[in-house]
Amino acid sequence: MRSFHIPLLRHIFLVLLTVSLTACGFHLRGDYDVPEALDKLSVTSYDQYSKFTRMVKNRLRLNEIEIVEPAEDIPNLHLVSESVSSRTLSIYQNTIAAEKELTLNATFQVTVPDVGTKTFSTRVTRSYLDNPLTALAKSLESAMITDEMRQLASSQIIRLMARLKPDLTLSERSRQFGMSDEYDEKNSHVSTTEVPADQHTISQ
């Protein structure tokens, strides 16, 4: 009888914990509560047909954000740029790369009519092992990792939008704890920072 009650108590505790966290405004990863002012917006991009643009649009739809045509009275999410670079972290004795780190940088802007525009930069880093004897396989793995990083970046964009106030300022919790996530199981790190107005140009 005692062994039966322990799992039941654990289950009840988990349910209560989930309810309390939700009441405090905490949302599970992938389930973001975007402000009402941004639940309908237009999406423009440096390349409307790029993989990253398609991923961001899919992520918006998954979070029940309606994508409409650009208009003066409609908020806009503009994907300014995306770039991927790599560097060697360690090498074999024969000087061939053994471990590499990929870095994806994505810059985007959120514009709300009669409020203004804020620019943000998301950075995703991921390390992986490189075996020189399986070059083709590693090339495919690198492409898959890059796509996973794009998915993380697109999720981070939605996460940031969920923390924006109507005046485009970040919530107190975001300012206090920052916009950074660790994904140790994939050797990945994701962070987002606001870009000062004098350090970017608008390129729509």
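This is a predicted model: local features need pLDDT of at least 70, side-chain atom pairs count only at pLDDT 80 or more; totals for chains, interfaces and linings use all residues.
The protein chain here has four helices and seven strands. A quick word on those names: helices (H or I, at least four residues) and strands (E, at least two) are DSSP runs, numbered from the N terminus.

Residues are numbered from 1 along each chain as its sequence is written, and side-chain values use heavy atoms, with hydrogens and water left out.

Let's start with the whole chain. Of its 204 residues, 39% are buried; buried means under 20% relative accessible area, exposed over 50%, and partly exposed in between, with a 1.4 Å probe and protein chains only. Now for contacts, meaning heavy atoms within 4.5 Å. Among contacts with a separation of 6 or more, 67% are between residues 24 or more positions apart.

So what sits inside? The largest nonpolar core has 30 residues, and Leu-60, Leu-77, Val-110 and Met-161 touch the most other members. Such a core is a set of buried Ala, Val, Leu, Ile, Met, Phe, Trp, Tyr and Cys residues joined through side-chain atoms within 4.5 Å. Two or more residues come from each of S1, H2, strand S3 (76-91), strand S4 (97-112), strand S5 (116-129) and helix H3 (135-162). H3 gives the most, with eight residues.

Find Met-161 on your screen. Leaving aside residues up to four places away in sequence, Met-161 touches Val-34, Pro-35, Leu-38, Leu-41, Leu-60, Leu-77 and Val-110.

Next, Arg-59, which lies in helix H2 (residues 51-62). Is Arg-59 buried or exposed? Arg-59 counts as buried because its relative accessibility is 18%. Again not counting residues up to four places away in sequence, Arg-59 touches Gln-151, Ser-154, Ser-155 and Ile-158.

My last stop is Thr-44, in strand S1 (residues 40-45). With 14% relative accessibility, Thr-44 counts as buried too. Which side chain makes a polar contact with the side chain of Thr-44? That would be the side chain of Asn-76, at 3.4 Å. A polar contact is a pair of N or O atoms within 3.5 Å; within protein, one must be able to donate a hydrogen and the other to accept it, and residues adjacent in sequence count only if both atoms are side-chain atoms. Thr-44 and His-78 are 34 residues apart along the chain, yet their C-alpha atoms are separated by 4.7 Å.
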